[in-house]
Amino acid sequence: MAAKSAKSVGNYDAVDSPTVTSKEGRATMGDVIRNAKLATEKEHRMTLWQGLRLYPKAIAWSVLISTCIAMEGYDVSLVNNFYAFPQFNEKYGVAVTAADGTASYQVPAAWQAGLSNGAVVGEIIGLVINGWVSERFGYRYTVIACLVLVAAFTAIFFTAQTVVHLQVAEILCGIPWGVFQTLTITYASEVCPVSLRGYLTTYVNFCWGLGQMIGIGVIMGNLWRTDEWAYRIPYALQWMWPAPLIIGIYFAPESPWWLIRKGKLEEAKRSLLRLTSLDRETDFDADETVAMMVHTSALEQKITKGASYLDCFRGIDRRRTEIVCMCWAIQNLSGNSFSNYSTYFLQQAGLSNDKAYSFAMGQYAINCAGVFGAWTLITLGIGRRTLYLYGLAALFVMLMILGFLGLSKDRDAASLATGSIMLVWALCYQLTVGTVCYSLVAELSTRRLQIKTVVLGRILYNVVGIICGVLTPYMLNPSAWDWGNYAGFFWAGSCFLCFIYTYFRVPEPTGRTFAELDLLFEKRVSARKFASTDVDVFAEHVEGDVMKNYQDQIAISNIETVL
């Protein structure tokens with residue numbers, strides 16, 4: 001069937017349309033289900049190459065909006081690595097005398113925890129706000145408003161005279177960053193078909209790594225400086241992000257799923273056509289795809305009665321919320337918080353400043369490259385659940401090795417071995433848990449509650465991040481607990497518990513449409529049986545306002561065509 005590119009956006013029943021209507025010009029339930037089923041079958045048959053040919057515009061827009069998350073990665077890289085930066089410590093730290101009598105400057109552990117967690121507190125505020133604002137005003141306008149805020153709040157970083165000023169800047173900038181954390185993933189999952197969903201949602205993690213790599217590169221480029229510009233220049237460079245992103249996102253199409261939820265079906269089809277490059281080989285039909293979205297939304301209305309934060313904890317959605325929350329939390333609980341302090345940790349393990357930053361640069365480069373490695377594993381047909389399980393097992397082993405390296409008497413050799421193991425840990429993490437999480441949280445939440453479910457999950461991630469962010473500086477700081485390598489044992493135990501949870505609770509969403517996932521959760525299928533269970537979403541009886549609205553708009557379009 002050829003794509004219907006010549007039809008007007010509102011004309012759902014032109015001569016060549018597959019939609020069949022009743023005598024009154026109103027689409028019957030059977031017509032809607034027939035079109036939705038055709039679109040679903042086409043999505044299942046669509047290969048990766050066909051998806052790339054049909055949705056190049058969707059890929060480009062998703063990549064643009066996902067780039068917003070690089071700003072957060074950049075700042076996290078700065079604040080955590082500035083603790084090993086002599087000029088920064090001299091400005092914002094206090095004098096510390098070591099046991100051998102040598103003096104140096106260190107930002108106290110309490111302020112390290114405060115600065116690292118300041119952004120997290122702001123992100124939690126931003127996440128809660130995002131659950132309401134983005135659903136009301138749409139994804140594009142919400143992201144643009146947040147970019148304006150980032151540009152304004154960066155001025156506080158640039159002019160900060162005390163550590164208190166930095167704390168205020170971290171909290172305020174955290175608010176728009178919190179919005180980016182969820183909107184980028186949600187937009188990516190809603191503008192692409194099943195064959196591309198795993199790639200575009202996990203690309204968000206690449207952007208995080210890209211921001212971190214740029215941040216550490218900027219720091220290394222200013223190591224030679226001995227004045228205040230050594231740390232002010234990195235802060236000032238945060239202004240390079242907002243302007244080009246605002247211009248690009250202004251022209252981006254809105255998510256068609258959000259438009260469907262708002263009853264704007266004509267705009268949804270128009271947005272869908274802007275996201276695709278019509279190709280006869282894929283037999284794409286925008287009307288059928290809109291019908292599939294309408295059917296899925298109607299099915300979710302049947303399963304999920306409301307769309308508030310409380311509804312995320314009611315009925316079937318409670319299980320989905322729990323899994324999404326834990327998938328996010330596992331990122332920190334598996335040792336990621338520990339690795340965020342890699343430069344500082346390696347310094348305490350005995351490496352020089354230059355070597356510590358070089359290892360950190362390698363780690364962040366691996367963070368980016370690991371995403372492409374994860375794409376390769378996904379392309380080979382390895383499921384998200386499988387990658388999560390085997391990834392956690394490998395991370396557990398490496399964290400145990402890190403702990404045992406603390407027993408070595410040769411500190412020079414042990415410090416180099418520690419740096420090497422951390423690079424391997426980073427690669428394994430990005431091939432599995434670090435990257436696949438973004439796909440899982442986007443796929444396992446219902447469309448109707450997706451933003452709020454992902455928000456709740458990210459809030460738990462940040463709460464766990466606060467706890468880890470308080471503990472980690474004390475574990476590593478020589479003026480506090482000074483655990484050094486032994487901190488690896490603590491995170492290994494936490495990682496093992498994450499493995500147990502994943503085995504029993506995290507299901508396999510690979511290759512499933514959103515409607516199929518809805519039905520699998522409604523039937524309470526065990527996480528271990530998701531991949532092998534067959535479901536027929538079109539055998540379910542669906543009603544709802546969105547279905548009625550769809551039928552009414554087709555009827556109106558038919559009347560206009562006749563006139």
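**Exercise 1. The chain as a whole**

What share of the contacts in the chain with a separation of 6 or more comes from residues 24 or more positions apart? Work out the make-up of the chain along the way.

*Solution.* Start with the ground rules. This is a predicted model, where local features need pLDDT of at least 70 and side-chain atom pairs count only at pLDDT 80 or more, while totals for chains, interfaces and linings use all residues. Residues are numbered from 1 along each chain as its sequence is written, and side-chain values use heavy atoms, with hydrogens and water left out.

- Step 1: A contact means heavy atoms within 4.5 Å. Residues 24 or more positions apart account for 81% of the contacts with a separation of 6 or more.
- Step 2: There are 24 helices and 2 strands in the chain. These are DSSP runs numbered from the N terminus (helices: H or I, at least four residues; strands: E, at least two).
- Step 3: Of the 563 residues in the chain, 61% are buried. Buried means under 20% relative accessible area, exposed over 50%, and partly exposed in between (1.4 Å probe, protein chains only).

**Exercise 2. How H9 meets H20**

Describe the packing of helix H9 (residues 194-221) and helix H20 (residues 433-444).

*Solution.* Two packed helices are described by the angle between their axes and the distance between the axes.

- Step 1: H9 and H20 pack at about 125°, and their axes are 8 Å apart. Axes here are lines fitted to C-alpha atoms, for helices over the stretch in contact, with angles running from 0 to 180 degrees between N-to-C directions.
- Step 2: H9 and H20 are therefore oblique to each other. For the cut-offs, under 35 degrees is roughly parallel, over 145 roughly antiparallel, 65 to 115 roughly perpendicular, and the rest oblique.
- Step 3: Now the residues. On the H9 side, Arg197, Gly198, Thr201, Thr202, Val204 and Asn205 meet H20 residues including Gly434, Tyr438 and Glu443.
- Step 4: Sort the residues of the H9 contact with H20, and you get 4 nonpolar, 7 polar and 2 charged. In this scheme Ala, Val, Leu, Ile, Met, Phe, Trp, Tyr, Cys and Pro are nonpolar, Asp, Glu, Lys and Arg are charged, and the others, Gly among them, are polar.

**Exercise 3. Two ring pairs**

Classify the ring pairs Tyr203 with Phe206 and Trp257 with Phe514.

*Solution.* Rings of Phe, Tyr and Trp (its six-membered ring) pair if their centres lie within 6.5 Å; planes under 30 degrees apart are stacked, over 60 edge-to-face, and the rest tilted.

- Step 1: That rule gives 28 aromatic pairs. Tyr203 and Phe206 have ring centres 5.3 Å apart and planes at 25°, so this pair is stacked.
- Step 2: Tyr203 and Phe206 sit 3 residues apart in helix H9, about one helical turn. Tyr203 is buried at 12% relative accessible area, and Phe206 is buried at 14%.
- Step 3: Trp257 and Phe514 are edge-to-face, at 5.6 Å centre to centre with 85° between the planes. This pair links distant parts of the chain, as Trp257 is in helix H12 (residues 256-261) and Phe514 in helix H23 (residues 514-522), 257 residues apart.
- Step 4: Trp257 is buried at 5%, and Phe514 is buried at 7%.

**Exercise 4. Around Val128**

Is Val128 buried or exposed, or in between?

*Solution.*

- Step 1: Look for Val128 in helix H6 (residues 109-137).
- Step 2: With a relative accessible area of 30%, Val128 is partly exposed.
- Step 3: Setting aside neighbours within four places in sequence, Val128 is in contact with Tyr309, Val455 and Ile459.
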